[in-house]
Each structure stands twice: as C-alpha cells, then as structure tokens.
Amino acid sequence: MDAFYASVEQRDNPDLRGKPVAVGGAAARGVVAAASYEARKFGVHSAMPSVTAARKCPDLIFVRPRFEVYKAVSQQIREIFAEYTPLIEPLSLDEAYLDVTENLKDMPIATEIALEIRQKIKAVTGLNASAGISYNKFLAKMASDLNKPNGQAVITPRNGPAFVEQLPVKKFHGVGPATAEKMHRLGIHTGGDLKTKSLSFLTDHFGKSGPYFYGIARGIDNRQVKPDRVRKSIGSEDTFAADISDLGAAKAELALLVGKIWAYCGARNMTAKTVTLKVKYSDFQQITRSRTQTLCFVNEAEVLGVSESLLETVYPFRKGVRLLGVKLSSLSEEATEPSAQLPLFM
C-alpha cells in the first residue's frame, strides 16, 4: 500500500488531501509512523523524530494514529488477496507476498493479476496500491518500489540478474544501514560487486546471511511464500517525555513494558526463552543486551527479573535514557500464567 496510514487519514478527512501529513505524535519526543507523499517531497519519512520532520516541512500536519482503523482496512485488503490465492504471507498491515503461480482465477499472467487486485483495492477501500511482480521474493520486493505510487513493475528471469548487478547494495531489501556500511568498507557497492565475492568470503563476513547475499547477487532467492508465517518475536518500547537517569525510574518504566508484553503472550498461550533490552540515549545512540535461558519463562516476574539484570549491566547510564524497549524471542506456544493486564496488540 502507498503511504498506508497517511493515505487512510487523507481518505477519511478531505481537508488533508493534497497536503503534507505525518501520522504520529507532534510532541518533542514524537516519532513519524508514516508520511504522505506530499510530506516525503520535503524529506520526511517514517521513524524520523517529529521535531526533525517539522523542521524539514514547516506546514506538516500531524495526525494521531488510528491503528484499529488501519487493521480493519488491512483485513479488507487481505480478503481481496484471498480471492486469488491462499498463498499469502503478510509482512505488515500494508504489505504481503502472494504466490500466484497457480491461482484461484486461473489467470495465466501475473501482471494482469496484480493490476486486477490493485483495481479492486481501489474500488473497495479508495486507496492506492503498488505491486512488484517477479519470479522470487527478493526481486518482487525490489520491483514493488520501482513505480510507486500507484504503479507496478515486473522483473523477468531474463533481466533479473542484470537488474541486481546495477543496484546499489544500500537499496537491497534485507541490507540495513549498518550492513551496507560494512559492505562499503569491503569494497562492495553494487550487486555486481557483491557477485564477485565467494560464498566463503560472504559467510566469513556476514555469517548466516552470507548464503542469502550470495544468492540474491545472482538473482536467486529460493524462499517460499509462507501463508502461516510464524511470529519470531514480540516487543514493546516507549520514548519518554524527559530523559531518565535514575535506575529506579528506569526499572519502573521497564516493568510497564514487560507487563504489556507478558499480557500479550498470556492471551495467546505464548512464552519465550530470550529477552532483549534496548536502550536509546539522548544522543540517539542505542545499545541492546540479550539473555537466553534453557527453559521458557513461566511468569512475568521472571521476565522482569532478567530485564532488570540486563538494565543493571549498563548502569550508570552514559547519558540520559530517551527510550527503553523489551523484546521476547525464541517464542513457543506453551502455557503461561494468566495476566490481569489487558493485552497489547502489536
């Protein structure tokens, strides 16, 4: 979906149409969750601090997010997908992979399927969608960005390898800023550069991601579309109105985060073996600390105890703490103690 949250807000409020809109909090510690295309022209993007966004675009209009509305629209879109294929792998509320090799409409041409789906989404929701069509997930994802907004693109088996060779690695899906910088230090700037590196070289420098990078440099990605995508982690974080320097105050905030996460897990009979603590300082530098145990956590107190011990390893804080986050991973479906708190829908 194109600028999904912002587009929903512009759809529902005609006064916002054609104007730069940011979904998120306008407060000093606010963060942009989504930006309309009018705002993007000024350099505003998701995850940008609201103060920075307002400085880049003085006429920017901030709108509080309405996640229940976004979820309802997302469900409408999923229902449209299901008319064409059962092989749907959602990535988020506004994005999914579809395998239409064999489809419920018996349509032989994937580009025509994508066009029809986009037209139906527009008719049902009033929103624009873009699509990427290709023979594997990596290239379909890359193609989806080529003709945004409200467009589609196809990368065929014939032109796939050449497309990857000329593409800067910083634009690769799955290559974040830190990995891109590491690649640059190794002399890898394009897909062509990446293709010159051996599998052993990439594995030595990038671990388990090495084989993936080796494959996509050649236009190869054998990952299947997984309709029952398993959640790998659950987390919550909070940005504070004022920086925290006191350990007691930080632990109090930590307890709130753990309570939310454990309530979510309890409502779904989920538990975990790994806790990861995230600390972001006032200068936006961040660190993480993790601990994995052999047996799954059985209650909220256990999770909080480990989280607090991880927090203590970074105290005294080198600067004021702007944000704290807690994530549970190595998830499994095992009974947890019931929580009295309401679940947090992530």
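Q: Which residues of helix α12 are buried?
A: The model is predicted, with local features needing pLDDT of at least 70, side-chain atom pairs counting only at pLDDT 80 or more, and totals for chains, interfaces and linings using all residues. Residues are numbered from 1 along each chain as its sequence is written, and side-chain values use heavy atoms, with hydrogens and water left out. Helices (H or I, at least four residues) and strands (E, at least two) are DSSP runs numbered from the N terminus, while buried means under 20% relative accessible area, exposed over 50%, and partly exposed in between, with a 1.4 Å probe and protein chains only. On these terms, the buried residues of α12 are L247, A250, L254, L257, V258, G259, I261, W262, A263, Y264, C265 and G266.

Q: Which elements are included in what covers the buried residues of α12?
A: Contact means heavy atoms within 4.5 Å. The cover over the buried residues of α12 includes one helix segment at 300–312 and strand segments at 233–244, 274–281 and 321–329. In the naming used here, these are α13, β8, β9 and β11.

Q: How far does α12 reach from its first C-alpha to its last?
A: Helix α12 runs over residues 247–267 and has 21 residues. The expected span of a helix is 1.5 Å times one less than its number of residues. The reach of α12 is close to that expectation, at 30 Å.

Q: Which residue caps the N-terminal end of α12?
A: Polar contacts are pairs of N or O atoms within 3.5 Å; within protein, one atom must be able to donate a hydrogen and the other to accept it, and residues adjacent in sequence count only if both atoms are side-chain atoms. At the N-terminal end of α12, a side-chain oxygen lies 3.0 Å from the backbone nitrogen of G248. The residue that provides this oxygen, and with it the cap, is D246.

Q: Which residues are in contact with V279, leaving aside its neighbours within four places in sequence?
A: V279 is one of the residues that touch the most other members of the largest nonpolar core. With its neighbours within four places in sequence left aside, V279 is in contact with Q285, Q286, I287, L311, V314, V321, L323 and L324.

Q: Is V73 buried or exposed?
A: V73 lies in helix α4, which covers residues 67–82, and V73 touches F4, R11, T125 and L127 when residues up to four places away in sequence are not counted. The C-alpha atoms of V73 and V8 are separated by 8.5 Å, although the two residues are 65 apart along the chain. Because its relative accessible area is 3%, V73 is classed as buried.

Q: Why is helix α1 described as largely enclosed by the rest of the structure?
A: What covers the buried residues of α1 includes β1 (21–24), β2 (32–35), α2 (37–40), β3 (61–63) and α4. The residues concerned are F4, Y5, A6, S7, V8, E9 and Q10. Helix α1 (residues 4–12) is largely enclosed because the buried part amounts to 7 of its 9 residues.

Q: What angle lies between the ring planes of F4 and Y5?
A: Rings of Phe, Tyr and Trp (its six-membered ring) pair if their centres lie within 6.5 Å, and planes under 30 degrees apart count as stacked, over 60 as edge-to-face and the rest as tilted. The structure holds 9 aromatic pairs. F4 and Y5 form one that is tilted, with the centres 5.9 Å apart and an angle between the planes of 50 degrees.

Q: Which side chain makes a polar contact with the side chain of D221?
A: D221 is found in the loop between α11 (210–216) and β8, and D221 counts as buried because its relative accessible area is 8%. The D221 side chain also reaches the backbone nitrogen of F138 at 3.0 Å. The polar contact between side chains, at 2.7 Å, is made with R223.

Q: What is the omega of the peptide bond from Y315 to P316?
A: P316 has its place in the loop between α13 and β11. The peptide bond from Y315 to P316 is cis, with omega near 5 degrees.

Conventions. Core = buried A, V, L, I, M, F, W, Y, C linked by side-chain atoms within 4.5 Å.
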